[in-house]
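Please look over the sequence and the model shown here before reading on. The report below is meant to be read beside them.

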Amino acid sequence: MERQLLTLKTENSSGVMRRVTGVLSRKGHNMYSLHCDPTENSEVSEMKIVIECTTAEAETMLKQLNRLYDVFEATLTEA
């Protein structure tokens, strides 16, 4: 297993972080790092989440995160 970096562009509203962390929790993954920043658009935030898992597991989570209605884009890179 290696550390994976998930980068998400999300709606800047309450409850988004709960839904995102719920996806990770249901899959049994612990976050090593979570960083959230506003973007130039005040309605959009950027989340960077570091988790330890296989690439296949991270890709599965990425698909689930992209299904959330308040996630605009989710990408994966090896941390």
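## Basis of the report

This is a predicted model, in which local features need pLDDT of at least 70 and side-chain atom pairs count only at pLDDT 80 or more, while totals for chains, interfaces and linings use all residues. Residues are numbered from 1 along each chain as its sequence is written, and side-chain values use heavy atoms, with hydrogens and water left out.

## Salt bridges

Three salt bridges are found when the whole structure is searched, a salt bridge being a side-chain nitrogen of Lys or Arg within 4 Å of a carboxyl oxygen of Asp or Glu. Arg3 pairs with Glu52, with 3.9 Å between the closest N and O atoms. This pair joins distant parts of the chain, since Arg3 belongs to strand β1 (residues 2-11) and Glu52 to strand β3 (residues 44-53), 49 residues apart; helices (H or I, at least four residues) and strands (E, at least two) are DSSP runs, numbered from the N terminus. Arg3 is partly exposed at 39% relative accessibility, and Glu52 is partly exposed with a relative accessible area of 32%, where buried means under 20% relative accessible area, exposed over 50%, and partly exposed in between (1.4 Å probe, protein chains only).

Glu46 and Lys9 form another salt bridge, their closest N and O atoms lying 3.1 Å apart. Here too distant parts of the chain are linked, with Glu46 in strand β3 and Lys9 in strand β1, 37 residues apart. Lys9 counts as partly exposed at 27% relative accessibility. Arg19 and Asp70 also meet through their side chains in a salt bridge, at 2.5 Å from N to O. Arg19 is in helix α1 (residues 16-26), whereas Asp70 is in the loop between α2 (55-67) and β4 (71-78), and 51 residues separate the two. Both Arg19 and Asp70 are buried.

## Helix α2

Helix α2 has 13 residues and reaches 19 Å from its first C-alpha to its last, close to the expected 18 Å at 1.5 Å a residue, the expected span being 1.5 Å times one less than the number of residues. Ala58, Met61, Leu62 and Leu65 are buried in α2. These four lie on the same side of α2 because they cover an arc of only 110° around the axis, the arc being that of the directions from the helix axis to the C-beta atoms.

The buried residues of α2 pack against β1, α1, β3 and β4, contact meaning heavy atoms within 4.5 Å. On the face of α2 turned away from this buried side are the exposed residues Lys63 and Arg67.

## Cysteines

With a disulfide defined as a pair of cysteine sulfur atoms within 2.5 Å, the count comes to zero. Cys36 is in no disulfide, and its nearest cysteine sulfur, that of Cys53, is 20 Å away. Cys36 is partly exposed, with a relative accessible area of 36%, whereas Cys53 counts as buried at 0% relative accessibility.

## Thr10 in strand β1

Thr10 lies in strand β1 and counts as buried, at 1% relative accessibility. Leaving aside neighbours within four places in sequence, Thr10 is in contact with Val16, Glu43, Val44, Ser45, Met47, Asp70, Val71 and Phe72. One of these contacts, Asp70, is also the salt-bridge partner of Arg19.
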